[in-house]
Amino acid sequence: MSGTVLFDAPGPRAKRLYFGVGVVAVVAILLVLWFVLDRLNEKGQLTAAKWKPFLTGEIWTQYILPGLAGTLIAAAISVVLAMVVGVLLGVGRLSSQAWVRWPCGVLVEFFRAVPVLLMMLFTYALYAKYELFPPERYALAAVVTGLTLYNGSVVAELVRSGVHSLPKGQSEAAMAIGLTSGKSMRLVLLPQAITAMLPAIVGQLVVILKDTALGYIITYEELLRKAEQIGNYKSNLVPAFIVIGAIFIIINYLLTVVAQRVESLMRRRGRSAGGPLTADPVDQSTVAVVGQDTNN
Amino acid sequence: MDVISEFFSEYDGLQAFRTTIYLTLLSALLALVIGTVVAVMRVSPIRVLQLIGTAYVNIIRNTPLTLVIVFCNLGLFVQLGLALANKDSHTFINDNNFRLAVLGLSVYHASFVAEAIRSGVNTVPLGQAEAARAIGLPFLKTLRYVVLPQAFRGAIAPLGNVLIALTKNSTVASVIGVTEASAVMKVMMENRPDVIFVVFGIFALGFVILTLPVGVLFTSLSKRLAVKR
């Protein structure tokens with residue numbers, strides 16, 4: 001922990017001071033909460049009528065569960081496709097052939113620099129223009145394409161840093177027993193790199209799941225869209241947003257915990273010569289290439 | 001290639017990108033302020049403050065940005081009547097939406113800024129803080145004079161990543177009617193479905209131009225400014 005080096009174990013005076021500041025902080029938080037609740041109450045958002053719909057089956061079967069399904073389906077397809085695209089681009093970027101390496105590098109940098117929303121808007125227009133999917137699938141296809149291209153490039157960078165984090169002896173040994181560079185990649189380097197990527201991939205799931213909410217903007221029927229529909233139907237927009245927000249937070253928090261577990265498990269077992277990788281948790285951002293532990 | 005001249009004349013694409021840049025810079029500043037406060041709370045010796053900081057980061061980081069921005073408009077403004085601009089002004093709708101978007105973007109990215117700064121605090125060797133305590137500095141002074149200046153230098157690379165993410169995420173502001181780049185691209189694509197590739201190319205290039213130099217700058221800054229150890 002970083003915090004513990006910053007201050008001494010408190011003496012009696014410091015203890016009183018900390019306690020005092022703690023009390024002030026609690027009071028401040030309670031005041032803010034009270035202000036918010038008072039405001040909500042004043043606007044009639046706290047009445048039972050606004051919250052009761054969430055106890056009825058109808059809201060869940062007609063709105064929340066279909067919305068959750070929409071969110072999870074888009075996320076699941078995107079994860080699978082992003083893995084495929086990512087491994088292909090990542091291996092391509094590591095290729096010994098310059099004519100493979102360069103285009104893959106340009107694609108990865110491009111997809112990381114362009115906002116996911118821009119890609120969704122573009123592919124939505126593209127699919128509608130050439131009628132590549134049935135009309136009711138344009139939105140899903142565009143959400144999946146945008147998420148796949150962006151997260152595929154993130155996975156490609158993970159593959160690259162995963163392979164780079166392996167000891168040089170791994171590929172030398174593969175060469176020594178007569179494997180070609182392609183076979184050494186496929187049989188020796190990639191399996192270890194993907195094991196090292198595992199925690200980062202689980203962490204990336206959070207990013208993908210959050211970004212499905214961008215589908216709201218291109219009329220995809222996911223959780224956020226359903227929250228708005230509930231709000232319009234029962235005129236309880238604020239409660240609907242709070243409930244849907246809580247669902248997102250719970251799922252994503254659980255995924256974060258799983259990612260941390262996988263990471264600590266792998267650290268203990270040391271299944272890969274490279275050690276676990278971590279992706280930068282900022283969505284739509286460049287990946288921090290971290291192969292080794294940070295000194296914490 | 002008349003679509004390119006349309007981009008400049010009819011749609012005022014430069015103005016759209018200017019809005020994107022304003023959104024990004026204002027939100028980055030506010031996010032830096034909020035994020036620093038949250039990071040300090042998280043490393044402080046006071047348990048309650050640590051808990052508040054951790055709760056902020058965990059809650060905000062796991063909420064989709066689109067939900068945050070939409071809530072700023074539909075929730076804070078429409079339902080709860082929070083207006084951030086002068087209601088009598090004839091540009092009220094535009095100003096208010098823009099400011100609500102800045103609020104949403106900075107509250108969201110502050111959680112990533114806080115984590116970046118905390119990772120920067122981790123790069124400061126233990127001995128530094130021990131030395132500061134040894135000469136009698138209390139927690140806040142240790143932080144202000146010894147740890148934070150080094151932490152910011154150590155956090156430059158992740159902060160650069162947050163800034164790049166923020167630039168791209170500013171497109172989400174279009175959902176509450178801020179006419180930044182993605183909103184204008186959408187309109188152009190609807191009006192000119194025959195040239196969507198060119199339109200996408202122009203706007204994608206705009207973001208490449210905005211984000212690539214920032215990445216290069218922050219990488220070189222992080223190498224130049226990092227405290228040599």
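How many residues of chain A are in contact with how many residues of chain B? I counted 60 residues of chain A against 58 of chain B, taking contact as heavy atoms within 4.5 Å.

Basis. I worked on a predicted model, in which local features need pLDDT of at least 70, side-chain atom pairs count only at pLDDT 80 or more, and totals for chains, interfaces and linings use all residues. Residues are numbered from 1 along each chain as its sequence is written, chains are lettered from A and ligands numbered from 1 in the order in which they are written, and side-chain values use heavy atoms, with hydrogens and water left out.

Interface. I found about 5300 Å² buried between chains A and B, 72% of it from carbon and sulfur atoms; this is the accessible area (1.4 Å probe) lost on putting the two parts together, summed over both.

Core. I looked up the largest nonpolar core and recorded 123 residues, with A:Leu6, A:Ile64, B:Phe200 and B:Phe203 having the most contacts inside it. Such a core is a set of buried Ala, Val, Leu, Ile, Met, Phe, Trp, Tyr and Cys residues joined through side-chain atoms within 4.5 Å, where buried means under 20% relative accessible area (1.4 Å probe, protein chains only).

A:Leu6. Not counting residues up to four places away in sequence, I noted that A:Leu6 touches residues of chain B including B:Val43, B:Val121, B:Arg133 and B:Phe139.

Note on methods:
Buried means under 20% relative accessible area, exposed over 50%, partly exposed in between (1.4 Å probe, protein chains only).
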